There are 2 protein chains.
Amino acid sequence: MSAHPRMVEVRQQILKKNDMIARALRERFHEAGVYVVSLVSSPGSGKTAFLEKTLGMLRERCRVAALVGDLATDNDARRLARSGAPVKQIITGTVCHLEAEMVRAALDGWRRPEELDFLFIENVGNLVCPAAFDLGQHRNVVLLSVTEGDDKPVKYPVMFRAADLVLISKSDLAPYIDDFDRGRAEHALRRIACAAPVFTLSARRCTALDPWLDWLRAMSAEARVPA
Amino acid sequence: MSAHPRMVEVRQQILKKNDMIARALRERFHEAGVYVVSLVSSPGSGKTAFLEKTLGMLRERCRVAALVGDLATDNDARRLARSGAPVKQIITGTVCHLEAEMVRAALDGWRRPEELDFLFIENVGNLVCPAAFDLGQHRNVVLLSVTEGDDKPVKYPVMFRAADLVLISKSDLAPYIDDFDRGRAEHALRRIACAAPVFTLSARRCTALDPWLDWLRAMSAEARVPA
């Protein structure tokens, strides 16, 4: 984002168009009965490891797929494909975030929403720019690894304020870290008016993943209840 | 950054103006005899801990100062001030990177370049957007913590390609990490045509900081040799 008046103006037009495409996507997802979750974090917070485990566990019982954004390389799609779930890479080039149109175009001719129960969208690793771009998802999950420090919510407030769930990742490294305290991280979240639940887990060690899966099931069941 | 044609156009004008301001800053820094180093990385890679140690060590012999960018809070400036060096926070609000004008404005009325031997500029934690904005610095240092994974250079190529020095940080955590290999990280850097030297260090444990200080002294001595 920029503070330049003309940039702000052009950006607002882009965001307006993005919101329209996202709204249409959200309606399509709702009609198709697919629950869509976006994942954001810093580079290297463990989004891909976490998503690989999640896809592997869910696909035993559900139809799952993932879209994954990166500036360059399809490394993440190849890693995620090890889960056995269908995965498609979105390469953004120099663009620092995913946009609704990229999601729409990636689904086109690949997977119909009706064929899926859950779709995960892993954004470019960036705690700033993805916050402004709605992708039509039902829920936002923000990961924060213990190695990043418990002060990150107050330093990147826009992203954490938009979180519906905060996952503290890489908990297996917590014993070796001096400057991460779960209480301080939660306090930082509440200070910026983020009321999201917080779960601590380690994707690498496959520990404490149940609260996340329970949350996902509860949220998706709720969304599918006819109004 | 964006792929939208009008955004690209406006952005090019902004970058052109930024480059002009950065060029003027660079000339001013050169005339004043201050050596300016920019630090970039993901959120939580340890830029601030590293800079705190660096300022503390350098200020015994040199006149040092730091500018530090964040979206919100002056936490980093307060941490860095413990080094005893003068430090000023630049709060960017929603802007995901520092710009030359922010650096110029922050120096104005605070420190004259002539009063300093070294000025460090710690950017907003972001591996994408800061790459495009020249701040008038002499050299770019990019940090990559062992916890982020050795694949980050190929996934964020623009930033790493612009590095004059790559510092692999948090080496004290390396024994607990499966997916970081120094050789693979270097291979990833060479693949994207980054020829920068690579040093591994731990700011927390104060280990292996000498190669960094030697590099800094050599670079700054070279820059000050009259043409």
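The largest nonpolar core has 54 residues, and Phe160(A), Val166(A), Phe160(B) and Val166(B) touch the most other members. Such a core is a set of buried Ala, Val, Leu, Ile, Met, Phe, Trp, Tyr and Cys residues joined through side-chain atoms within 4.5 Å; buried means under 20% relative accessible area with a 1.4 Å probe, protein chains only. This is a predicted model, in which local features need pLDDT of at least 70 and side-chain atom pairs count only at pLDDT 80 or more. Residues are numbered from 1 along each chain as its sequence is written, and side-chain values use heavy atoms.

**Aromatic pairs**
- Over all chains there are 11 aromatic pairs, with ring centres within 6.5 Å and planes under 30 degrees apart for stacked, over 60 for edge-to-face and the rest tilted.
- Phe118(B) and Phe120(B) are stacked, because their ring centres are 6.3 Å apart and their planes at 15°; both residues are buried.
- The rings of Phe120(B) and Trp212(B), with centres 6.3 Å apart and planes at 55°, form a tilted pair; both residues are buried.
- Tyr35(A), Phe50(A), Phe118(A), Phe120(A), Trp212(A) and Trp215(A) form one aromatic cluster.

**Charges over rings**
- The charged end of Arg224(A) sits over the ring of Phe118(A), 5.5 Å from its centre; the criterion is NZ of Lys or CZ of Arg within 6 Å of the ring centre and within 35 degrees of the ring normal.
- Arg111(A) has its charged end over the ring of Trp110(A), 5.2 Å from the ring centre.

Methods:
Chains lettered and ligands numbered in written order. Buried < 20%, exposed > 50% of the residue type's maximum accessible area, 1.4 Å probe, protein only. Phe/Tyr/Trp six-rings, centres within 6.5 Å; stacked < 30°, edge-to-face > 60°.
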